[in-house]
Amino acid sequence: MNVSQHMSDKARKHLKSRYAKERRFRFYGLSAVLFAIASLGWLLLSLFATGLTAFQEHYVTLEAEMTVSAFAPPDQRSVETLRIADYKSIVENAIEAKFPDVRTAGEKDLLFALISESGATDHLRKRVVRNPDIIGSKIVMTVPTSDQVDQLLKGHIDRNVPEARRQISDQQILWLDDLRARGAIKKKFNSILFFNPDSRDPELAGIASAAVGSVMIVIIAFILALPIGVGAAIYLDEFAPRNRLRDWVEININNLAAVPSIIFGLLGLAVFINIFGFQRSIPLVGGMVLALRAFPTIVIATRAALRSVSPAMVDGALSLGASHVQAVFQQKVPQAMPGILTGSIVSMALVLGETAPLLMIGMVAFVTEIPTTVTDPATALPVQIFLWSESPERAWSERTAAAILILLAILMTMNALAIWLRSRLGKRR
Amino acid sequence: MTDKIKFKCRNVRVQYGDLEALHGIDIDIADRGVTAFIGPSGCGKSTFLRAFNRMNETIGGAKFSGQILMDGEDIYDPSLDPVLLRARVGMVFQKPNPFPKSIYDNVAYGPRIHGLTETQAELDSLVEKSLRRAGLWEEVKDRLTEQGTDLSGGQQQRLVIARAIAISPEVILMDEPASALDPIATARLEALIEELKTRYCIIIVTHSMAQAARVSDKTAFFYEGDLIEYDDTEKIFTNPDNQRTQDYITGRTG
Ligand SMILES: Nc1ncnc2c1ncn2[C@@H]1O[C@H](COP(=O)(O)OP(=O)(O)OP(=O)(O)O)[C@@H](O)[C@H]1O
Ligand SMILES: [Mg+2]
């Protein structure tokens, strides 16, 4: 027997089992990845299926007679009186003008219900306040349809089910078809969703107040957490004496990163609102609370980035007579910058998606004004989503899904930015 | 070669925690010329080298005792700032470590932090002079704005030397400067050391017997934290007094 022991049957069998092991491992890995992709795909698909239609809305075009009698007499006209004019009757007349043979009050109500009442009256009010000269003339206005009509036209309400089981009557459907045949109904991009604050009427609800609130929160959290976090990380890694206290601080910062975020909300409620007396529901408090949330993440990311810088760079600077501070800030920190930035952006994405702590500090209010300062009541995007998701109507679930898509798009953009920054700044080394 | 002494070391001990890496070294190092430190891995050559610019202090847990006099002045005097010492005692590391900046900024880094030049023109000429001395000027004069890290290993090592001599040190410490270089780059580096030794006191750690024999005037052989033999290089490589030295240079221990 002169066969090498690597060529024996036993060795061959062993080799075969090694390959089998490798194939099995690859199969497990691949299935895990596929499962993850499939889950994500399913999530996105169902969001798109529900939410995509919310990006368009149906509008009806009417001719409105701006009857002088609906307004205060000319000598008493001011922004105040113009605001409280009888716009409702103007709108009613405008829609009735389209259907002259509708006579009874009940029928008129049904007809009027086709359009968004607040949508139409707000539209007129804004135009009149901007330009009171249109009083007395006839104007063309394009206003949102009511949410029921919008849903019907989008096909989300089945016109074939018995009348009693839908909120829109056969007669209303006939009128709608008539309006459509006359070209008075159009489907347009739903700018309301982006530029309006929240509303009780789904066709008028938008994410603007929440988005502005979120931007304010993220900026405040960034301004507070970034310098403190980066500073703390640099101090801990480079300058703090290596002793028990430092270890203790380090452990607790790591623990902080693992604290459930709702605890930060409780802390914010107890400290910022109850002790310092800040108002509830304001972005300033939200930003401060979420700065606490982002702080440990930024510290951890910064320290990882600092450690990935080759010690040879610091040695090089020290050997040239740089002081410790110079070596750290002229060599180490600049080289860690891509990592620090990436970590910060990721932590800001975390802040943007955070909901629970904001609930604790009362940022769940129904906000119908776009906040202009950091002490105006506001909500945040995820909270807005949470609020809308509580309404079961199709018009709301569609907008909820659309808002989730918008939030996801922003988060993905932030993450893409982080990746891009890392690879770009990394290349320059 | 003058007989002037640059460093007088007496009973130098360095401890890392409980481990004593150097057990009391006494040595005098000449003011001009090249002194080579040789010895098996782990014998304490790098540790000793770092004692000359107090770089050991940047390593947590390293403790120094004994005395090193530089031109008669105790470099471990608490009143002496290591930052100033390191401006006078430059260092070149085993792996070339240019900063991820332009070639120009690499060389200008030292002069800038020490405020050695007043005007841009002065700095420009200092950078050029340093690069010329390091034998790199001709190769990089048209690409001073390129990244120092984009140069070849041998060029990087010469860049690092240019960076060190830009602040006009009196001493250059080199820890295995050629170990990451190919033979041609090594030959250039050795030629450079040959040139620099007329102006600077150079201490070089090397694992190459041939290199030590070629470039150095004096050679010190270390073994397990002790200085075994220190003499003219020629003497060490032809007729050492100590059997251990003999064994090491002939390759019987390593
Ligand atoms: N930072 C450190 N912390 C703890 N021990 C160290 C440290 N640096 C070196 N030592 C120890 O000190 C002794 C001498 O190390 P040193 O690096 O000076 O040897 P060397 O002669 O330079 O070796 P080589 O030729 O491999 O570079 C070794 O036992 C080493 O393990
Ligand atoms: Mg060494």
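Angles under 35 degrees count as roughly parallel, over 145 as roughly antiparallel, 65 to 115 as roughly perpendicular and the rest as oblique. This is a predicted model, where local features need pLDDT of at least 70, side-chain atom pairs count only at pLDDT 80 or more, and totals for chains, interfaces and linings use all residues. Residues are numbered from 1 along each chain as its sequence is written, while chains are lettered from A and ligands numbered from 1 in the order in which they are written.

**View 1. Helices α3(A) and α5(A) pack at about 115°.** Helix α3 spans residues 87-98 of chain A, and helix α5 spans residues 117-130 of chain A. (Helices are DSSP runs of H or I, at least four residues, numbered from the N terminus.) Their axes are 9 Å apart. The two helices are therefore roughly perpendicular to each other.

**View 2. Residues where α3(A) meets α5(A).** Tyr87(A), Lys88(A), Ile90(A) and Val91(A) come from α3(A). They meet Ala120(A), Thr121(A), Leu124(A) and Arg125(A) of α5(A). Contact means C-beta atoms, placed from the backbone, within 7 Å. By class, five residues are nonpolar, one is polar and two are charged.

**View 3. Helices α13(A) and α14(A) cross at roughly 150°.** Helix α13 covers residues 311-319 of chain A, and helix α14 covers residues 324-353 of chain A. Their axes come within 9 Å. That makes α13(A) roughly antiparallel to α14(A).

**View 4. The contact between α13(A) and α14(A).** Helix α13(A) supplies Met313(A), Val314(A), Ala317(A) and Leu318(A). From α14(A) come Gln326(A), Ala327(A), Gln330(A), Gln331(A), Lys332(A) and Gln335(A). Five of the contact residues are nonpolar, four polar and one charged.

Conventions:
Axes are lines fitted to C-alpha atoms, for helices over the stretch in contact, and angles run from 0 to 180 degrees between N-to-C directions. Two residues are in contact if their C-beta atoms, placed from the backbone, lie within 7 Å. Ala, Val, Leu, Ile, Met, Phe, Trp, Tyr, Cys and Pro count as nonpolar, Asp, Glu, Lys and Arg as charged, and the others, Gly among them, as polar.
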